[in-house]
Amino acid sequence: MKPEIVVLSRLGPPEVMEALEASYQLHCLWEASDWRAALMAASSARGLVTTGSLGADAALIDALPALEVISINGVGLDAVDLPAAKARGIAIGYTPGVLTEGVADMAVALILAASRKLVQGDRFVRDGTWAGGEKLALGWSIRGKVVGFLGFGRIGREVARLLSVFGISALYHEPEALEGVAADYCSDLAAMAEASDVVVVCCAGGAATRNLVDASVLKALGSKGLLVNIARGSVVCEPDLIAALQAGHLGGAALDVFADEPQIPAALQVMENVVLTPHIASGTAETRLAMGRLVVENLAAYFSGKPLLTPAPM
Ligand code: DGY
């Protein structure tokens, strides 16, 4: 008998769903009109596949009494109730490493999109404003600028490495001062923002980082500054961000993540100096395939009695 597993969201590449279907009896929750009933029908499920943003809260873990392993398609652990899982002895796998480059590429794309007005320019052409004889206001160059990183782990460092070809200077806040990195440590986040032209949020979500980017940090970044978030919406205080943009205290924002996805505040949607993308920093076919394969490999390791390839730090 194939073990039963619950899958919360369809994993992009067909190869990944095919691999899951081949080895497990799947309860595909995204197909269910009534999650509660679908979970009751899955009460013997031993595995759960979820994403970094959907995670697994205590209610979901409680609803699956036979659950032994959670395989997360993502690197973020903030949406998983780790203590609840630990108390039940549930193994947790995630997908670090394989999405570093994809997410870092997206951060660079967002910086260039905002600074070179790619999205505004596209709208300007499509809505006929250009043909009507107007000129789009000038963008600005990332070359030689100062970029501050809130979070300087695998992803932050890869973004800095990519941006080094533009001759940027890198600052970082969090983790504590590191050896051997080509970036200067700033113990004070607002001071780092004040010294930066761009701040890129690359840290983990969760209670420790909630609303770290608030009105004081945004004001310090300043009326020419750009905030980029490819990490978690919870790190940025969204009402403060909207107020800073409306007041002109902040130059612009490029955001892939939001506090209440997929709901986006209406105020952000009408701002010309904001670039919005739907949590797709890891959204390339190549990255999603590598992530999906790791999800499948972690489950296979668990069900054959081997250690998970990439266990989540608990
Ligand atoms: C992650 O890896 O956590 C991404 O945000 C996808 O959810």
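What covers the buried residues of α12? In this predicted model, the cover includes the helices α1 (14-23) and α5 together with the strands β3 (47-51), β4 (69-73) and β5 (91-93). The residues of α12 that are buried are T287, R288, M291, G292, L294, V295, V296, N298, L299 and Y302. Helix α12 itself runs over residues 285-303. After α12 comes G305, which has a positive phi near 75°.

Helix α5, one of the elements that cover α12, comprises 16 residues (100-115). From first to last C-alpha, α5 reaches 23 Å, close to the 22 Å expected at 1.5 Å a residue. Its buried residues are G102, V103, A104, M106, A107, L110, I111, A113, A114 and S115. K117, which follows α5, also has a positive phi, in this case near 55°.

The protein is divided into two domains, with domain 1 made up of 4-98 + 285-303 and domain 2 of 100-276. Their C-alpha centres lie 31 Å apart. Five residues of domain 1 and eight residues of domain 2 take part in the contact. On the domain 1 side, the residues that touch domain 2 comprise four polar, one charged and no nonpolar residues. In UniProt, an unreviewed entry lists residues 5-309 as "domain: D-isomer specific 2-hydroxyacid dehydrogenase catalytic". Over residues 5-309, the chain is 36% helix and 15% strand, with 19 Å between the end C-alpha atoms.

The ligand is surrounded by T51, G52, S53, G74, V75, G76, L99 and S282. By class, this shell contains six polar and two nonpolar residues and no charged ones.

A further position examined is C186, located in the loop between β8 (184-185) and α8 (189-195). C186 has 21 C-beta neighbours inside 10 Å and therefore counts as buried, the cut-off being 20 or more. Leaving aside residues up to four places away in sequence, C186 touches L171, Y172, H173, A191 and M192. Between C186 and R143, the separation is 43 residues in sequence and 21 Å in space, C-alpha to C-alpha.

Definitions and conventions
Residues are numbered from 1 along each chain as its sequence is written. This is a predicted model: local features need pLDDT of at least 70, side-chain atom pairs count only at pLDDT 80 or more; totals for chains, interfaces and linings use all residues. Helices (H or I, at least four residues) and strands (E, at least two) are DSSP runs, numbered from the N terminus. The expected span of a helix is 1.5 Å times one less than its number of residues. A residue is buried if 20 or more other C-beta atoms lie within 10 Å of its own, exposed if 12 or fewer, and partly exposed in between; C-beta atoms are placed from the backbone. UniProt positions are given in the numbering used here, feature names are shortened, and annotations may be inferred rather than shown by experiment. Domain bounds come from an automatic or database domain assignment. Two residues are in contact if their C-beta atoms, placed from the backbone, lie within 7 Å. Ala, Val, Leu, Ile, Met, Phe, Trp, Tyr, Cys and Pro count as nonpolar, Asp, Glu, Lys and Arg as charged, and the others, Gly among them, as polar. A residue is near a molecule or strand if its C-beta atom, placed from the backbone, lies within 6 Å of it.
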